[in-house]
Amino acid sequence: MVADRCARTRYEVRSGVGFRWPGLVERVPGPRDLRLGPTGLCALTSCPCLKQPEGASTRSSPKEVPAMKALVYGGSGQRSWTDIPDPVVTEPRDAVIRVDAVTICGTDLHILGGDVPAVTPGRVLGHEAVGTVTEVGSAVVSIKPGDRVLASCISACGVCAYCRRGVYGQCLGGGGWILGHKINGVQAEYARLPFADLSTHRLPDAITDDRAVLLADILPTSYEVGVLNGRVGPGDTVVIVGAGPIGLAAIITARLFSPAHIIAVDKADSRLQAAKRLGADIVATPEQDIAELVRSATGGLGAHVAVEAVGTPQTFELCTSLIRPGGRVANVGVHGHPATLHLEDLWIRNITITTGLVDTSSTPDLLAMLAAGRLDVDTIITHRYPLDEIMHAYDVFADPAASGALKVLLTRS
């Protein structure tokens, strides 16, 4: 059932049951506020605003800002959990969701590190969420208010040359990776989602929020840009450099193709242990002789596939040194600095190097596999917080060596 909400107190009625929003606030009525009565008091019979003293104001001053909290980028190294205006439907194909579950991505850390200059101060970060639809534009046909949806990290216009080929990450019609990048993202109480019909996925009750949110980015990214681009096949030896959330998701999805060996490389012991739990049969730290380790596992030939899941020059160059002639390097990491391509060594070895931004065209298949129990994702989320503790959650996620954090989940209180 669609929730009705008071314009003044943000009191909601869902299925006849009243629910008081945390921190009642005076605010300018927004587009989600429904059923104001003729006296200016709302028509929700149990709403606290009906108990206001006679003569008390029922509308807030236009000078008072709508009370929605969001994680706002303030420039390199700066972020804040602060009040911003509520998002609204601005285009016929938009939807607005109440954010129920959201995560922090390694890309968000790259943004805070200054590696993504397209993100400007004032931008709400975040591109991975599950939420409940509160509004839809006039042209939206596949979802409606009250639906529970996965918000994809990629938005797709559906009609440009790239979208017609399923290459949604390169959308020319105003989509691609825009959430938390070119428009406000989803690390907020509410979020606007452009091109909602193609950029959301309705979720069955059998898939919980904490499992579904992993399909907003890390699982399709690792699967499409890592495993599929790397053409992982049965009997292959796959080296995954970086056992953070993307690297761990690459282990999960590489196993779908029955490789002979999965070798995980990372600095943090907690992440290597997670890699072993999820299916890596060999783990190593960068201090070890990784090339010798790979040669030993492959009869001296080298890996079939190396997946770069960190985004540094050193890890990219390591990947190119680990593959056999005819091997593939699938770069997934977000790079903020130049890396050297050693063509003096590589030109003669018939190698393939791929890069890419996820298209999320695989999301329906991954959702089906998740619902069928084919994807073991339950151990990836290690830390859980209410949404209003997101500043602390960032600190935890940014220091995995100390915290042991893999994926951090934030949920609506």
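1. Buried means under 20% relative accessible area, exposed means over 50%, and partly exposed lies in between (1.4 Å probe, protein chains only). By that rule, Lys 407 and Glu 128 are both buried. These two residues form a salt bridge, with the closest N and O atoms 3.2 Å apart; a salt bridge is a side-chain nitrogen of Lys or Arg within 4 Å of a carboxyl oxygen of Asp or Glu. The pair links distant parts of the chain, 279 residues apart: Lys 407 is in strand β18, and Glu 128 is in the loop between α1 (106-112) and β7 (129-136). Helices (H or I, at least four residues) and strands (E, at least two) are DSSP runs, numbered from the N terminus.

2. A note on the source: this is a predicted model, in which local features need pLDDT of at least 70 and side-chain atom pairs count only at pLDDT 80 or more, while totals for chains, interfaces and linings use all residues. Residues are numbered from 1 along each chain as its sequence is written, and side-chain values use heavy atoms, with hydrogens and water left out.

3. The count of salt bridges comes to 13. Side chains of opposite charge can pair when their charged atoms come close. One of the bridges joins Arg 412 to Asp 100, at 3.1 Å from N to O. Here too the partners come from distant parts of the chain, 312 residues apart: Arg 412 is in the segment after β18 (407-411), and Asp 100 is in strand β6 (residues 95-103). Asp 100 is buried, at 9% relative accessible area, whereas Arg 412 is partly exposed, at 29%. Arg 98 belongs to a network of salt bridges with Asp 100 and Arg 412.

4. Another salt bridge is made by the side chains of Asp 236 and Arg 328, at 3.5 Å from N to O. Asp 236 lies in the loop between α4 (218-228) and β11 (237-241), and Arg 328 lies in strand β15 (residues 323-331), 92 residues apart. Both Asp 236 and Arg 328 are buried.

5. How many residues does the largest nonpolar core have? It has 86, and those with the most contacts inside it are Ile 97, Leu 125, Leu 214, Leu 248, Ile 251 and Leu 410. Helix α5 (residues 245-254) gives the largest share of this core, seven residues. A second, separate core has 17 residues, including Val 241 and Ile 351. A nonpolar core is a set of buried Ala, Val, Leu, Ile, Met, Phe, Trp, Tyr and Cys residues joined through side-chain atoms within 4.5 Å.

6. Leu 248 touches Ala 243, Arg 271, Ala 274, Ala 275, Leu 278 and Leu 406, not counting residues up to four places away in sequence. Contact means heavy atoms within 4.5 Å.

7. The structure holds zero disulfides, a disulfide being a pair of cysteine sulfur atoms within 2.5 Å. For Cys 153, the nearest cysteine sulfur is that of Cys 105, 8.1 Å away. Cys 153 is buried, at 3% relative accessible area, and Cys 171 is buried, at 10%.
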